[in-house]
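Good morning, and thank you for joining this part of the meeting. I shall begin with a pair of helices and then turn to a sheet.

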Amino acid sequence: MNLVRIATRKSALALWQANFVKAELEASHPGLQVELVPMSTQGDKILDTPLAKIGGKGLFVKELETAMLEGRADIAVHSMKDVPVDFPEGLMLHTICKREDPRDAFVSNTYQQLADLPQGAVVGTSSLRRQCQIKAMRPDLQIKDLRGNVNTRLAKLDAGEFDAIILASAGLIRLGFEARIASFLDVGTSLPANGQGAVGIECRSDDLVVQQLLAPLEHKETRICVLAERAMNRKLQGGCQVPIGAFAILQQNELWLRGLVGQLDGSEILRSEIKGEATQAEQLGTQLAEQLLALGADRILDAVYSQA
C-alpha cells in the first residue's frame, strides 16, 4: 500500500489535525503518499441551532465514516471529544495520538479571567458542560450559544457579541491563537470533556495494512486516560452533547479519574473521583459512572434529555 486517504472536515482545526497525521505518517513511512479528502458534515452546515437540539456530536463524524465504509477514504481524523462512544459496524477507533493541553481557555479582549467579568456579562459557549460549571460559579452571567469554527467564534467575540468566550485550549494552540487566551481554566474549575485535547484516528476494522501504518502514531499514556474517560461517558449513556465532564491523569502507574454531571443552570453539580491501576482504566471509568449514578446523575441527565 503506498497511498493513504484521510477523510477530514474542512474547518481550519480539522485540517490542522489531518495535516498533522499526514506529516506523522509520511515521517514514519518514507515513500508513503498521504492525501486529504476534505468534506462538510451536517454539524458544519447547521450553525443556527444548539448542538443538543440537532443530534449532538455524532453529526461531525457521520459523513467521514460513510466515506470510509464506501472506500472513498482509508482513515478519518477526529477531535476525540467529538467522537461518539459507539462506532458503526466495520469501523473502529484504532489510534489515539499524544494529548495537547486539555484545559478550557477563557478568551476575552477586556477581562483577564472569569472572576473579573462584571455582573450580567455575556459569555459564549456551545458546550452544556462548560455552561453548567460557569453558572455554578457565576449564576449572574448570561450564557449564550456560540457555534462555528474557531475563527468564526473569535470574530464574534471581536465584533462585541460577547464579553468573553470559552474554547478548548488545544484548538487555539494548534491554530497559533495561544496569544488570544486570557487565562486557562484549571480542571478543578472547569472539568474538561472526555477526550478533550486528544486526536483520534478511525479506520476500517478489517484493514490490517492501514492499522500497521498507524501504529507509530499511538501514544499509550493518552490512550489509557481517554479510554477511562470514555468508559465513564459510555456508562452514563452520554452519547450526545450533555453536561458531563471527565478527566484522567496518570501518576506513575496510578490513574486518577475525575468526573461530574451537572444541571444546566449550575444549581446542582455531582462530582466524584477514583484512583486505581492504569491497567484497569475502563473498569475505573465504569465504576466512577456508577458512583455518579448513585449520587443521582440519572435524574439530572433525564431532565437534560427531556429539554433537548
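**Helix contacts and sheet order**

In helix α9, Leu292, Leu293 and Leu295 make contact with Ala297, Asp298 and Arg299 of helix α10. Sorted by class, this contact comprises four nonpolar and two charged residues, with no polar ones. Please keep in mind that the model is a predicted one.

How are two packed helices described? One gives the angle between their axes and the distance between those axes. Here, α9 spans residues 281–295 and α10 spans residues 297–307. Their axes come within 5 Å and cross at roughly 80°. Since angles from 65 to 115 degrees count as roughly perpendicular, α9 and α10 are therefore roughly perpendicular to each other.

I now move to the sheet. Five strands form an open sheet with mixed pairing, in the order β2-β1-β3-β10-β4. Which strands stand at the edges? They are β2, residues 33–39, and β4, residues 91–96. Each has a single partner strand, so one side of each is left without a neighbour in the sheet. On average, and ignoring direction, neighbouring strands of this sheet are turned by 30° against each other.

Strand β3, residues 75–79, and strand β10, residues 199–204, run antiparallel and are joined by five bridges. In one of these strands, β10, Ile201 is the bridge partner of Val77.

Finally, helix α1, residues 12–28, packs on the sheet, where α1 touches β1, β2, β3 and β10. The direction of α1 makes about 165° with that of β1, residues 3–9.

Definitions and conventions. Residues are numbered from 1 along each chain as its sequence is written. This is a predicted model: local features need pLDDT of at least 70, side-chain atom pairs count only at pLDDT 80 or more; totals for chains, interfaces and linings use all residues. Side-chain values use heavy atoms; hydrogens and water are left out. Two strands pair if DSSP finds at least two bridges between them. Helices (H or I, at least four residues) and strands (E, at least two) are DSSP runs, numbered from the N terminus. Axes are lines fitted to C-alpha atoms, for helices over the stretch in contact, and angles run from 0 to 180 degrees between N-to-C directions. Contact means heavy atoms within 4.5 Å. Angles under 35 degrees count as roughly parallel, over 145 as roughly antiparallel, 65 to 115 as roughly perpendicular and the rest as oblique. Ala, Val, Leu, Ile, Met, Phe, Trp, Tyr, Cys and Pro count as nonpolar, Asp, Glu, Lys and Arg as charged, and the others, Gly among them, as polar.
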